[in-house]
Amino acid sequence: MSLRALVNGYGFLGRRVARALASGKVPGVKLVAVARSTGYIHRPGGLTLEELEGDIASLEGFVEGSPISLLEDGKVDLLIELTPTNLPTGEPALTHIKTALSRGIDVVTANKAPIALAYRELTELSRSTGALLLFEGTVGGGIPLVSLRRFCLRGDEVLSIRGILNGTTNYILSRMHFEGLTFELALREAQNLGIAERDPTLDIEGYDTALKLLILANSVMGLNRRLEDVRITGISRVTADAVSLAKEAGLAVKLIGSVSPDGHLTVAPRLVKLNDPICVHGTLNAVTFRLRTAGDLTLIGEGAGEPTVTSILNDVWEVVTVRGRLTGARGT
Amino acid sequence: MPMKDICRDLTASAMPPVRVRLTCALVDRPGTLLRTLEQIALAGGNIISIVHSRESITSGYVPVSINVEFPDAQSLERARRGIESVGVPVIGAESLEKSLRTVIVLGSGELGDLIRAVEGLGLKIVDASVRGGGSELTARLTLEVPEGAAGHDLMRRLEEVAADRGYLLLSEV
């Protein structure tokens, strides 16, 4: 019997994940429900690709309101929580995830806020009920960081982390570096291209990076830190003169999130040597894990958008594998 | 000599020397300093200078700072153990190596004030480049910073000093 999945959140990621599941990309999973902000559609027999073509609100059987009853009534086995990040509460995603975990329903999410704000509480809940909580899509888009630690680095210890975890600020700083743009012009360009939000505060003031850093510190390094433990400085004060002075000295200004060996979490614009492997440009992300035995390990990739679907689907595969319901097909 | 030993010798000779300031607490008694220096020499250390602060005598102990160049870190460790084996506590071993670090400082203020603040921490500015006019200052400073924990601590204090004055300080990762 297939796992019955609910995709909660029907934006950029939700649509792509729902379509992937409806087209059978992950064997052993049946997409039975999709929810957006105004309501949800529930098809116990499974939603088809055709049904996902248009606006789900126009489908017969669309129910207005929250899909939380599907979790409460045990109508799904897997919650894929893809609602937008909401600070400072993490809601409504936090309530959805808690409701699912407390009923033994597995959770895959790409929503940073609940994992960053309530990591300890959610992992304890997950442990107590045996439900899985997977969140690779919350950090680094398609770059496997959390699962890399879980599956490939179990015999080593992560001593420190540093990296570029936000594509929007990296795009702005890269345009300032290569084209000599002012911060304001580069931001406006990023907004016009859809890379920056209309309200870019979360990105440019460093909060998005701080949330991701917090997730890595707690999950990859096993720390117990909270958002108020992170020293956060954004990039809005970085001037074209500063970027140009850095460039003359063979350096680039980058918004760096770092966890030091003594457990201090910092987000700040820093100077990075142009030949440092984390000195990537455009919307790319790069993260270096410093390992006790293996030394430095750096991963580079797109930190948002379509590549995040890869992380989400891999987590869904992991749920299917753990639940032992893989129906024959194998991943490539 | 077997090839294994030759390789070990070559590796050893390729290791960089270690320059440190050893601070020892000597009992104010003739011969104690000599016994300490003997242990350094036995470990292969080359003494650069000695500061014997007899005026800082506390509870019968005199702090002595000895700047030494050792061929490698193992020699330093041998010397430290040797000194302690003759009954002299080693109360500090601070690296004398310096590295150059670049910082960029942004904010409204006077360059002179910023330089005084940096130098007040004991950091030496070896190069400076300034942009901007009026009250907005953007300065790139190249600083000589001690290696190791002492340098790390100084950079952290520099960040605090800059923040206190309302500057944004960009430091190297």
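These legends describe close-up views of a predicted model.

Residues are numbered from 1 along each chain as its sequence is written, and chains are lettered from A and ligands numbered from 1 in the order in which they are written. In this predicted model, local features need pLDDT of at least 70 and side-chain atom pairs count only at pLDDT 80 or more, while totals for chains, interfaces and linings use all residues.

**View 1. Confidence in chain B.** The model scores ipTM 0.87 and pTM 0.83. Helices (H or I, at least four residues) and strands (E, at least two) are DSSP runs, numbered from the N terminus. Over residues 6-13 of chain B pLDDT stays under 50, and the model has two contacts beyond four places in sequence for them; a contact means C-beta atoms, placed from the backbone, within 7 Å.

View 2. Six of the six residues of strand 1 (residues 3-8) of chain A are buried, that is, 20 or more other C-beta atoms lie within 10 Å of the residue's own, with C-beta atoms placed from the backbone. In a regular strand the side chains alternate between the two faces of the sheet. Here A:Leu3, A:Ala5 and A:Val7 point one way, and A:Arg4, A:Leu6 and A:Asn8 the other way.

**View 3. The partners of strand 1 of chain A.** Strands pair if DSSP finds at least two bridges between them. Strand 1 of chain A runs parallel to strand 2 (residues 29-36) of chain A, joined by six bridges, and A:Leu3 stands opposite A:Val29. With strand 5 (residues 78-81) of chain A, strand 1 of chain A pairs in the parallel sense over four bridges; A:Ala5 has A:Leu78 as its bridge partner there.

**View 4. An open sheet in chain B.** Four strands of chain B form an open sheet in the order 6-7-5-8, with antiparallel pairing. Strand 6 (124-131) and strand 8 of chain B are the edge strands, each pairing on one side only. From one strand to the next the twist averages 20 degrees, where axes are lines fitted to C-alpha atoms (for helices over the stretch in contact) and angles run from 0 to 180 degrees between N-to-C directions. Strand 5 (residues 98-108) and strand 7 (residues 136-146) of chain B are joined by eleven bridges, and B:Ser99 is partnered with B:Val145.

Conventions. pLDDT is the predictor's confidence in each residue, from 0 to 100. A residue is buried if 20 or more other C-beta atoms lie within 10 Å of its own, exposed if 12 or fewer, and partly exposed in between; C-beta atoms are placed from the backbone.
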